[in-house]
Amino acid sequence: MSRARADEEEYWHSSKFRAFTFDDEDDELSQLKESKRAVNSLRDIVDDDDDDLERVSWSGEPVGSISWSIKETASSSTSSLESRDSSLQKGSSSYAAFPKQVSSYSLSSLFKGRNRLPSFQSLSDALSDTGVKNYAPELRRPKAEYKDYSSDWSPKDTVRRMQRGKICSLERFRSLQDKLVLLDEAVAGHDGNVITAVLIFLKRTLRREILFRELEVRQVALCHLIHFLKETGEQKLLLDLLRFLDRTEEVALSQYREHLNIQDVEKRREFLKGCIGLPFSAEDTSHIQDHYTLLERQIIIEANDRHLEMAGQSEIFRKYPRKASILNMPLVTTLFYSCFYHYTEAEGTFSSPTNLKKTFKIPDKQYVLTALAARAKLRAWDDVDALFTTKNWLGYTKKKAPIGFHRVVEILQRNNAPVQVLQEYVRLVEDVETRLNLATKYKCHDVVIETYRDLKDRIQLTAYKCKVERGSAEEEKINSVLNNTVRNTCFFFRNLIRNGCRLGVRAWLSNILFVLAGKLILHLELHSV
């Protein structure tokens, strides 16, 4: 009781309003002034003009924070109740106690971060106030907008929606059975993108042993996963999967493929040396051995040729500088390099072409093609001639090409071989039609004339006469062939007449033969002119 009285005394002593006295001349005027001062004090408290300043309460918490709003609301409610009780208890007094100001921070002001007048404002009104700076995060969207993510779609419907390009959440498929049904539906849909998406989800949510075990009986999905792991470079997971499937050769090939990522030549050589012992097939083992041997040979050749090139001791390196290193090049490129720079070296050296052919068992066709391209590029026609010249057991020489002389002509022409060299090899083409086509295409006139002469085709030879220059050696040769043809024809008919006379048919055969011979000779003479 004494405490309530002490609070009441403290309130009356701390009040800003004057007590009633009988000395006031105008009670209504004084009350009006006091009310005006009270309103002004309220305006200072709830001023909305300075929204950017951060207000701090006596407790040290920013005004407008959630904790401050809760404390302020609780304290204002308590103050209101106490004030109301106090006014009820002092009902005999003519002036009621002025209540403490109620907090102006409603729920809407909490989201908007500003003060409000004591008048009530709903949440919708506060959110629709576009003129006020928004400090709160955006509210959750309606559930209708999230139906693609949260709806309870079946595995079949999920796959259909993924095929149409819609985003579907797979996280709700938590049980192993649901995940496997989803995978089966994806495989049944025959859509590689959907299958890959489901496999990525399973790879992330299942243990490896379970995933491998289930994929072992689903070959389509297994092939998709293996291809995906190869494309993404997940080598460790790929090797674990292949080991689980007991595919030892594929494991070895996958490990061998790692050499592509090794840039240092010495490290790559050591890696290839270690790959020789992997469980490859017999054919693949020989390839790995050849790869290691070739790289080892390339390292030796590269070091030696770099030294010769820098020292300037070799004429061919001065005349034709190297454009690139030979390291990590294929076998055919290494053979071409050897035929270009080391063609005349003895077989005992590592850089000799014959040594490479013998070591790596290069077929004759491949060796001749590569050597021909290298020597023709250097315009070493004597080496080209020696490449195709062979001797039989009697000592006779002849030219023989395992690739066909028509291909030899094409390679020589690409390397701008002279016409004399081309004609020599065009004559060696066995097929007459192919020989004529090549001779006509590359303007080997002598070959064309000789071929038509051997075929005794006077008409084609006469037509070809129009394609050569007037007064050239080729035209004179064509005329000579045509004149010889006329003389040979007359000689033939003369012999025919003599034979007819011996057989006793002189009376009628001679007349016919003479008439025909005369007409033919006249026709040929007119044609030759």
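First, some ground rules. The model is predicted, so local features need pLDDT of at least 70 and side-chain atom pairs count only at pLDDT 80 or more, while totals for chains, interfaces and linings use all residues. Residues are numbered from 1 along each chain as its sequence is written, and side-chain values use heavy atoms, with hydrogens and water left out.

**The chain as a whole**

You're looking at a chain with 27 helices and two strands. Both kinds of element are DSSP runs numbered from the N terminus: H or I over at least four residues for helices, E over at least two for strands. Of its 529 residues, 32% count as buried; here buried means under 20% relative accessible area, exposed means over 50%, and partly exposed is in between, using a 1.4 Å probe and protein chains only. The accessible surface comes to about 35300 Å², with 54% of that belonging to carbon and sulfur atoms. Those areas come from the Shrake-Rupley method with a 1.4 Å probe, and for residues only the protein chains shown count as cover. As for contacts (heavy atoms within 4.5 Å), take those between residues at least 6 apart in sequence: 46% of them join residues at least 24 apart.

**Helices against helices**

How do α9 and α11 cross? The axes of α9 (residues 192-205) and α11 (residues 219-232) come within 10 Å and cross at roughly 80°, which means α9 is roughly perpendicular to α11. The α9 side of this meeting is G192, I195, T196, L199, I200 and K203, and the α11 side is A221, H224, L225, F228 and L229.

The pair α20 (residues 381-388) and α22 (residues 419-426) has axes that come within 12 Å and cross at roughly 5°, so α20 is roughly parallel to α22. Here W381, V384, D385 and F388 of α20 meet V421, E424 and Y425 of α22. For both pairs, axes are lines fitted to C-alpha atoms, for helices over the stretch in contact, with angles running from 0 to 180 degrees between N-to-C directions. Angles under 35 degrees count as roughly parallel, over 145 as roughly antiparallel, 65 to 115 as roughly perpendicular, and the rest as oblique.

Then there's α13 (residues 248-256), where V251, A252, S254 and Y256 are buried. The cover over the buried residues of α13 includes α12 (235-244), α14 (265-275) and α15 (282-311).

**Salt bridges**

A search of the whole structure turns up 23 salt bridges, each being a side-chain nitrogen of Lys or Arg within 4 Å of a carboxyl oxygen of Asp or Glu. Three of them are tabulated here.

| E214 | R213 | 3.5 Å |

E214 is buried at 16% relative accessibility, while R213 is partly exposed at 44%. These two also belong to a network of salt bridges that links D184, R213, E214 and R218.

Along α15, E302 and R306 sit four residues apart, so about one helical turn separates them. E302 is buried at 4% relative accessibility, whereas R306 is partly exposed at 37%. In the remaining pair, K357 is partly exposed at 26%, and so is D364 at 46%.

**Loops and surface**

Two residues other than glycine have a positive phi: N328, near 65°, and K361, near 55°. N328 lies in the loop between α16 (315-319) and α17 (331-341) and is partly exposed at 36% relative accessibility. K361 is in the loop between α18 (353-359) and α19 (364-377), and is exposed, with a relative accessible area of 69%.

Which residues make the nonpolar surface patch of about 480 Å²? That would be W393, L394 and Y396. Patch residues have over 30% relative accessible area and no salt bridge; like charges are joined within 9 Å, and nonpolar side chains (Val, Leu, Ile, Met, Phe, Trp, Tyr) within 5 Å. W393 is placed in the loop between β1 (389-391) and β2 (397-399) and is exposed, with a relative accessible area of 78%.

Finally, E476 is found in α26 (residues 473-502) and counts as exposed at 56% relative accessibility. E476 and K465 are 11 residues apart in sequence and 9.5 Å apart in space, C-alpha to C-alpha.
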